[in-house]
Amino acid sequence: MKKYWIFYLAIIMVLFVGCSNNAAEDPAVSTQPAKAEETQGIEEAATIAEETRSETVRIGITAQYLDIFEYALEEFERLSEKTLEIIVFDDYVQPNVALVEGSIDVNAFQFKNYLDTYNEERGTDIKMYGDKGIYATPYGIYSDKYTTLDDIENAKIAISNDKTNRGLCLRLLDEQKLITVGGDDPLPDPFDITDNPYNLELIEIGNTRDVFASLKDVDYGVTTGIIVHLAGEDATKAIAVGSSDLLQETALIIAVTEERLEEPWLEDLFESLTNERMKTYLKENYDGALVVE
């Protein structure tokens, strides 16, 4: 009986050693090589993704400018040898939020005054690229009821209620000598009005789109040519428009974070948005609603 027990024990030991050797040789059992291959695959995928991202420029805009950037896309990609991805936002805050967070590389939707106010209020340090904008939209006084300012006495005039557009509206009214604005703030508010000789009632109502939509309910409204154009109306029907100085302050700018200011593709972007090809496109399609700086 003892011999049988020793015999059975020997068989069990042989089977155990054999299974151990098979496990060492079988990659399905030994997981170490699989882990190394998986890690290598992840690293390669990350490298490809980073290379793809470096060859793509993501620009944030608002919807009213989409066709312009689509028109500039081919020229930009030819000049920069990069892909332009256009991301459309539906408000005037998120393009700057996305820029700071890094989900886009550049944006083009705002005036310099708006950017300065945004940086001041939010503690950010977004930079304007270059020393001038790409194109401007004239501020004008519009009306569904009148074609002149002869009936301005006691008129109800709609203006925007955000700091930037409201300030520019008031400056246009000041230029037309309809009110007098004191001080040297480039973005005055109603408290800066020192004289209102025509007893105007200024009604603050949303943004420039809201002002245009309200024209049926007021006597006059101050809004931008691009808003009038996008509503299917003639932007040149303004009763009065801002001066060239005011026009310069309504120029759309290219904005980036400071670390991107020296990116070579920014020059290509500016060129594709301001060249003669673009000037012709704006003249043929926007009829004075947008003017290249």
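Me: Among contacts with a separation of 6 or more, what share comes from residues 24 or more positions apart?
Reply: A caveat on the source: this is a predicted model. The protein chain has 11 helices and 14 strands. Of its contacts with a separation of 6 or more, the part from residues 24 or more positions apart is 74%.

Me: What percentage of the residues in the protein chain is buried?
Reply: Buried means under 20% relative accessible area. The protein chain has 293 residues. The buried part of them is 40%.

Me: Is Ser160 buried or exposed?
Reply: Ser160 sits in the loop between strand E7 (156-159) and helix H6 (163-175). Its relative accessibility is 0%. The cut-off for buried is under 20%. Ser160 is therefore buried.

Me: Which residue has its backbone nitrogen 3.5 Å from a polar side-chain atom of Ser160?
Reply: Leave aside neighbours within four places in sequence. The contacts of Ser160 then include Glu204, Ile205, Gly206, Asn207 and Thr208. The backbone nitrogen at 3.5 Å from a polar atom of the Ser160 side chain belongs to Thr208.

Me: How does Gly206 count by accessibility, and why?
Reply: Gly206 lies in the loop between strand E10 (201-204) and H7. Its relative accessibility is 22%. Buried needs under 20%, and exposed needs over 50%. Gly206 therefore counts as partly exposed.

Me: What distance separates the C-alpha atoms of Gly206 and Ser160?
Reply: Beyond neighbours within four places in sequence, Gly206 is in contact with Ser160, Asn161 and Asp162. Gly206 and Ser160 are 46 residues apart along the chain. Their C-alpha atoms are separated by 5.4 Å.

Me: What is the volume of the largest pocket?
Reply: Rolling a probe the size of a water molecule over the atoms shows where empty space is left. For the largest pocket, the volume comes to about 490 Å³.

Me: Which element gives the most residues to the lining of the largest pocket?
Reply: The lining has 26 residues, and those nearest the pocket centre are Tyr92, Tyr114, Asp162, Thr164 and Asn165. Elements giving two or more residues are E3, H5, H6, helix H7 (208-213) and helix H8 (225-230). The top contribution is five residues, and it comes from H5.

Me: Which residue just after H5 takes a positive phi?
Reply: Helix H5 covers residues 112-122, and its buried residues are Asn113, Tyr114, Leu115, Thr117, Tyr118 and Asn119. Their cover includes helix H4 (94-101), strand E3 (106-110), strand E4 (127-128), H6 and strand E13 (251-256). Just after H5 comes a positive phi of about 70°, taken by Gly123.

Me: Which residue of E12 is the bridge partner of Gly140?
Reply: Strand E6 (residues 139-142) is covered on both faces. Tyr139 and Ile141 are buried on one side, Gly140 and Tyr142 on the other. Two bridges join E6 to strand E12 (residues 240-241), and the strands run antiparallel. In E12, Gly140 is paired with Val241.

Me: Which residue of E11 is the bridge partner of Tyr142?
Reply: Strand E11 spans residues 220-224 and runs antiparallel to E6. Four bridges join the two. The E11 partner of Tyr142 is Gly221.

How values were computed
Residues are numbered from 1 along each chain as its sequence is written. This is a predicted model: local features need pLDDT of at least 70, side-chain atom pairs count only at pLDDT 80 or more; totals for chains, interfaces and linings use all residues. Side-chain values use heavy atoms; hydrogens and water are left out. Buried means under 20% relative accessible area, exposed over 50%, partly exposed in between (1.4 Å probe, protein chains only). A polar contact is a pair of N or O atoms within 3.5 Å; within protein, one must be able to donate a hydrogen and the other to accept it, and residues adjacent in sequence count only if both atoms are side-chain atoms. Contact means heavy atoms within 4.5 Å. Two strands pair if DSSP finds at least two bridges between them. On a 1 Å grid over the protein atoms alone, a cavity is a set of points where a 1.4 Å probe fits but cannot get out, and a pocket is an open set with protein on both sides within 12 Å along at least five of seven lines; lining residues have an atom within 4 Å of a point. Grid points are joined across faces, edges and corners, and a volume is the space filled by probe spheres set on the points.
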